[in-house]
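Dear colleague,

Here is the structure I promised to pass on. My notes on it follow below.

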Amino acid sequence: MKFIDVHCHLDGRHFNELDTLFSRLDGCGVEKVVTCGVDLPTSFAAKDIAERYKGCYFTAGFHPTELKDYKESDLDEIAALARHEKCVAIGEIGLDYHYPDTDKPLQKEVFVRQLRLADELGLPVEIHSRNSAEDMCEILREHKNLLNNGFLLHCYSHSVELALELEKSGAYFSFGGTSTYSGSKKARRVIETLGSDRLLTETDSPYMPPVSRAGQFPNTPESIPEICANFAHIRGATEEDTAKTVWENAHTLFKKL
């Protein structure tokens, strides 16, 4: 079986031995990973990692909680990164209202600017949405003309009803290690309910380990086979068919894989 992690963060101090990690990924069938930028430094770091490893691709963009040093001209550099042959999407981008000092107007502005940039470049987007479902959906509805290249709700955490609405708009949804816990009832219901052609596997490494690695840090893309097996269990499908479908979904959304 071939597996893919469509959203992880391999830059930074948690993964100093990437040669060893990618060797282990070869051994467990995780043939492709997408390491994601959250600001300019991590987007450049993601590019460098993707250039070093055959099965690694990357995204470039500004995460909504990483806008402290953002300036408008930074998107020119994101655009240049996005033209790289191994940059598969603009991301991760979106809204996050978790923290009390959230600058909601700025988050919305930068989110829309990056949606527009992705449309101009013909790329999909990877969207982060936490405690912001209403505003996130309003923006996606208002700017649906910018979503023709596809969009992914990474680590989806909202309702089944909202997922079904977004599915009609062409959304893809990825789930990580938290979906393997029996207490993650909302995520498990969404996985069960959505069409199989909308589902993707991620780890959000180094965060969110699956149940077999509970309490371990850092999490790695080695968790993908367990996450995929959990998809299969929830949906009453075989692991082989599930892995094949997820692989095909990823290549449909991310044309540069």
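Cys8 is buried, with a relative accessible area of 0%. Please keep in mind that this is a predicted model. Cys228 is buried as well, at 2%. The count of disulfides comes to 0. Cys8 is in no disulfide, and the nearest cysteine sulfur, that of Cys36, is 6.4 Å away. For Cys228, the closest cysteine sulfur is in Cys28, and at 12 Å that is too far for a bond; the cut-off for a disulfide is 2.5 Å.

Next, the sheet. It is open and has 8 strands, in the order β1-β2-β3-β4-β5-β6-β7-β8, with parallel pairing. β1 (3–8) and β8 stand at the edges with a single partner strand each, so one side of each has no neighbour in the sheet. From one strand to the next, the twist averages 30 degrees. Between β3 (residues 56–60) and β4 (residues 87–96) there are 3 bridges; Phe58 has Cys87 in β4 as its bridge partner.

Now the helices. α6 lies across β6 (151–153) and β7, and runs at about 135 degrees to β7. Helix α9 (residues 239–253) lies across β1, β2 (30–36), β6, β7 and β8, at about 100 degrees to β8.

In helix α7 (residues 185–193), the buried residues are Ala187, Arg188, Val190 and Ile191. Seen down the axis of α7, these fall within an arc of 160 degrees, so they line one face of the helix. They pack against α6 (160–168), β7 (171–175), β8 (199–201) and α8 (224–235). Lys185 and Glu192, on the other side of α7, are exposed.

Regards

Definitions and conventions: Residues are numbered from 1 along each chain as its sequence is written. This is a predicted model: local features need pLDDT of at least 70, side-chain atom pairs count only at pLDDT 80 or more; totals for chains, interfaces and linings use all residues. Side-chain values use heavy atoms; hydrogens and water are left out. Buried means under 20% relative accessible area, exposed over 50%, partly exposed in between (1.4 Å probe, protein chains only). Helices (H or I, at least four residues) and strands (E, at least two) are DSSP runs, numbered from the N terminus. The arc is that of the directions from the helix axis to the C-beta atoms. Contact means heavy atoms within 4.5 Å. Two strands pair if DSSP finds at least two bridges between them. Axes are lines fitted to C-alpha atoms, for helices over the stretch in contact, and angles run from 0 to 180 degrees between N-to-C directions.
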